Amino acid sequence: MGTDSTAGAQPALARRLGTADAVMIGLASMIGAGVFTVFAPAAQAAGAGLLIGLGIAAAVALANATSSAQLAAVYPTSGGTYVYGRERLGPWWGFGAGWAFVIGKTASCAAMALAVAEYAAPEAWRRPVALAAVIVLAALNYRGITKTMRAARVIVVAVLAVLVLVLVATLGVGDPDAANLDGWATPSAGWYGVLQSAGLLFFAFAGYARIATLGEEVRDPTRTIPRAILGALAVAVGLYALVAVAVLTVLGPDGVASSVAPLAAAVEAGPWSAAVPIVRAGAAVAALGALLALLTGVGRTTLAMARGDDLPRWLAAVHPRYLVPHHAEVAIAVVIGVLVLTVDLKDAIGFSSFGVLLYYLIANLSAWTQTGADRRYPRWLQGLGAGGCAVLVATLPPPTIAVGVGVLAVGVAYRVLRHRVLRRTAG
């Protein structure tokens, strides 16, 4: 297939990661984005009904995770659904998945860099601090996957410790009020608001895709990737549910909706208010962890697309010493740097959700075609995942959808022109 057209000219990526390592990368991607950035807008959309939205998002994420795991076991190479779509549905489907992933997750990287600055810097310094975070972590990624893994492990452990502190300070020694959950099953915003909250909360579950994009760098990928994807998702679901209940019972739906940092506000409302700086620092570290893992995944998908002639061949280069896609990582860091200097955090999150949901829609359609020994999970799960992704995309704000469609059109036009040039050159 075209996905390996340049593989012989470049060194292979090194298989250095085990199951625990892959789970850590998935958790680093998820918990930074989820716990610290999406509960407030989800509460704005659905109030206490965000608990239903969380359940819907988790169900769609589980269906998507089984599809990704089933596909990754058969195609253990870099690129994730870009490769799966090409192999199962055809080159255009693969390109659509890869392009949606790259643009969506590049926006996610910008969102996480901006989130770091929101928590760690005064307003006048936020964009410079966000840019500095991108530069430092891109440089760390450039030095190799082993160094990335070590940093991800430290970040995950630190963030989990902060989340335990939040739960103890709110549900343990705080003053939670179960009455604040009244009406969660019949939210005033109706089902549209619940689905909109689910679309926002799904952004927080998307980190397990980073695991699939590392298929060329894990040991025994047929076993490791499925286990790591489901393991990371299970931990994240449990954490999100506990934290959602904690902030809602302490602050109430209106308090969560009006807070820019609901976890810090929930801790501040209790007897351990002195721990608020620790929570804010934990939020910044979590966003750094998400940014680190996101940079890794976007670089590998860009590498795969360049190998398949869907992006410039220059991006397919692998560093001879560090064994990373160094040209792709530098190019992505430059784009993210421009975004953090020009875009808004909420806009970046919305656009990321658009790209990620389309990516998983194609993953589910690809997994639907698998049969025989390649099938690990019931086909109805892929149907649930595809339908859920389509519904959640439809709940996104119309301006976000319009921009997303426009950027997809740019990618399609580029691929058409590039392949015309390649055919003429070959002729």
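How far apart along helix H5 (residues 91–120) are Trp92 and Phe95? Being three residues apart in this helix, Trp92 and Phe95 are separated by about one helical turn, where helices (H or I, at least four residues) are DSSP runs numbered from the N terminus. The model is predicted, so local features need pLDDT of at least 70 and side-chain atom pairs count only at pLDDT 80 or more, while totals for chains, interfaces and linings use all residues. Residues are numbered from 1 along each chain as its sequence is written, and side-chain values use heavy atoms, with hydrogens and water left out.

A search of the whole structure finds seven aromatic pairs, a pair being rings of Phe, Tyr and Trp (its six-membered ring) with centres within 6.5 Å, called stacked if the planes are under 30 degrees apart, edge-to-face if over 60 and tilted for the rest. Two of the pairs are set out below.

| Pair | Centre to centre | Angle between planes | Class |
|---|---|---|---|
| Trp92 and Phe95 | 5.9 Å | 85° | edge-to-face |
| Tyr359 and Tyr360 | 5.2 Å | 85° | edge-to-face |

Trp92 is partly exposed, with a relative accessible area of 41%, whereas Phe95 counts as buried at 2%; buried means under 20% relative accessible area, exposed over 50% and partly exposed in between (1.4 Å probe, protein chains only). Tyr359 and Tyr360 are both buried, and together with Phe101 and Phe202 they form one aromatic cluster.

Charges also sit over rings, meaning that NZ of Lys or CZ of Arg is within 6 Å of the ring centre and within 35 degrees of the ring normal. The charged end of Arg415 sits over the ring of Trp92, 4.5 Å from its centre, and Arg379 lies over the face of Trp368, at 5.2 Å from the ring centre.

Conventions:
Helices (H or I, at least four residues) and strands (E, at least two) are DSSP runs, numbered from the N terminus.
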